[in-house]
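User: Hey, could you walk me through this one? I'd like to talk helices and charged pairs.

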Amino acid sequence: MSDAAPEPAPGAAQQLTYEQAAARVEEIIRRLDSGEASLGETLALVAEGKALIERCAAELGAVGTALEELRLDELVARLEQEAGA
Amino acid sequence: MSVPSTSGTPPAGIPESRLPGPFEVGRYAAGLRERLREFQRVQLIGELVNLRAARTRVYFELRDSDGAIPCSAWRDDWERMLARCATQPAEGMQVVVAGGCDYYTGSAASSPSFSFHVADLRVAGEGDLLARIERLRKQLGSEGLLDLQRQLALPSLPRTVAVITGETGKARDDILAALLRRGWAGRIVWAFAPVQDRHAAGAIVRALTDLASLGDVEAIVIARGGGSIADLLAFSDETLCRTVALHPIPVVASVGHHTDRTLLDDVAAVSASTPTHAAEAVVAVDCNAARAANLAAAERLRVHAERALGGRVVQLDAARRLRDHGRRAVLTRARMLSTLTRAPEAHIQRQRVRLHQQLREIRAGSRRRLGDERALVARRALVIARKGDSTLLDVRERRPRELEQMLRVLDGHDPQRTLERGYALVSDREGRPVASASDARRDERLRVRFADGEIDATVEER
């Protein structure tokens, strides 16, 4: 196994920012594309990449399904109405 | 009727008058112009009125309670003066002009006129205004208020952002367009406020306070288009700048053109040059590109996993496995296989639980909570109620279809899953894959990798 693609500690995927996770996926693909990774490293990289992609997709999905617009003045009016009720 | 002579001796003057002349008026006008131009060039201060532009010149008057002077400037010079002014001069403003007296001699067809020829102009008190802002900047700096916002992390993928801007301004359209271009599918809370008059700072402060108490907002943009220092004065307001500096939510400021600098730019987490840039700063991830990149990466992984396992997987004989690992191991594996055959429902459920957990953790981790918890819960409940429970819950319950699809594709080619289906990887003791029976006979001492671990094996048959 090469030093070029050090395996992060378990659970590290959760601590990365979105951009870091996406960059790590790119790094993994580059390493796999290079053809230099051993079988064991390939399997480990595929597993790590899969976890990262899953997490990125979950974050994208969690934003919402369609852009939605609200108005602060309407929200505040409702709050005040509710507080008064 | 006598015709005046145009050559030879000048006509006689008024016999009773002792004044010299008569002189030809054109010459006299030219002489007057020369004399006026010899007047000392000075600066004048007064109120700018009757500003009007002609094709090549700009005209106005400078007035105070005791008198007035007509002024004029070449149009090109005027444009240059405006460019140098931080505050744009306008009707009714006190201005200082620099220049000297001039006289347009007129002609047979045009009327003569006197004017003060203006070579430079400033809005009076502009220096005081800038100096006051500079003093305030230093004061806020000495209190450490210029760095507080910069220490707040901007989320790269916020779910809710707020935008404080004019309801009818172009900034609003620019921000919305930029967010749509990114494929961002979150919530915008529009906080419409006046963005230039004397009510602006107070209205923006109120919006900031309301947004802090909403609880769900992860980033705030304050935006307006360009203007003079006077127009943008609201964004150097001390109360506004202190409110932003101490605000728990990161604020991205986009006020005026990139050359304009207000105090808000100094206290905000990010100072963006245009509303479009502000939108891009607040949603750093281009969601369209990110979705495409994710799918492409998933496909690349699948190809690599397939290639890595091609020809290297040896299905072992069931009886051999029974002998090597005992009946218990087989039962465990059988249970695992049976679990897997219940997928995809169970798998999807697992992913859903995981997603829920992630969402809960991310929400719990949000440190920007103001006000007491009860008020917060009530407000959030109201936000949810406004949207109708279904939409919000929908977002949280439903994993996008494309992710499900991607995970299923990946799972199908996950090497680990292959091992779990009862396959094993055979390598020599150094980890080099052994892909054929003849290689195995030659190596003799092998390592066999199962889903749950590795064993060392020896080839008995030679």
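**Chat notes**

Analyst: At 30% relative accessibility, Arg300(B) counts as partly exposed; that label covers values between buried (under 20% relative accessible area) and exposed (over 50%), with a 1.4 Å probe and protein chains only. This is a predicted model, where local features need pLDDT of at least 70, side-chain atom pairs count only at pLDDT 80 or more, and totals for chains, interfaces and linings use all residues. Side-chain values use heavy atoms, without hydrogens and water, residues are numbered from 1 along each chain as its sequence is written, and chains are lettered from A and ligands numbered from 1 in the order in which they are written.

User: Which side chain does Arg300(B) meet in a salt bridge?

Analyst: Asp33(A), at 2.4 Å from N to O. A salt bridge here is a side-chain nitrogen of Lys or Arg within 4 Å of a carboxyl oxygen of Asp or Glu. The pair crosses between chains, with Arg300(B) in helix 9 (residues 287-309) of chain B and Asp33(A) in helix 1 of chain A; helices are DSSP runs of H or I, at least four residues, numbered from the N terminus. Asp33(A) is partly exposed, at 41% relative accessibility.

User: How many salt bridges over all chains?

Analyst: 25. One of them joins Arg24(A) to Glu48(A), with the closest N and O atoms 2.6 Å apart. That pair links distant parts of the chain, 24 residues apart, from helix 1 to helix 2 of chain A.

User: Are Arg24(A) and Glu48(A) buried or exposed?

Analyst: Arg24(A) is buried, at 9% relative accessibility, and Glu48(A) is buried too, at 14%.

User: OK, and how do helix 1 and helix 2 of chain A pack?

Analyst: Helix 1 (residues 18-34) and helix 2 (residues 39-63) of chain A have axes 9 Å apart and an angle of about 150 degrees. Axes are lines fitted to C-alpha atoms over the stretch in contact, and angles run from 0 to 180 degrees between N-to-C directions. The two helices of chain A are therefore roughly antiparallel, a label for angles over 145 degrees.

User: Switching topic: which residues make the nonpolar surface patch?

Analyst: Phe23(B), Tyr28(B) and Leu32(B), giving about 340 Å². Patch residues have over 30% relative accessible area and no salt bridge, and nonpolar side chains (Val, Leu, Ile, Met, Phe, Trp, Tyr) are joined within 5 Å. The areas come from the Shrake-Rupley method with a 1.4 Å probe.

User: Where is Tyr28(B) found?

Analyst: In helix 1 (residues 25-38) of chain B. Tyr28(B) counts as exposed, at 55% relative accessibility.

Notes:
Patch = residues over 30% accessible without salt bridge, like charges linked within 9 Å, V, L, I, M, F, W, Y side chains within 5 Å. Parallel < 35°, antiparallel > 145°, perpendicular 65-115°, else oblique.
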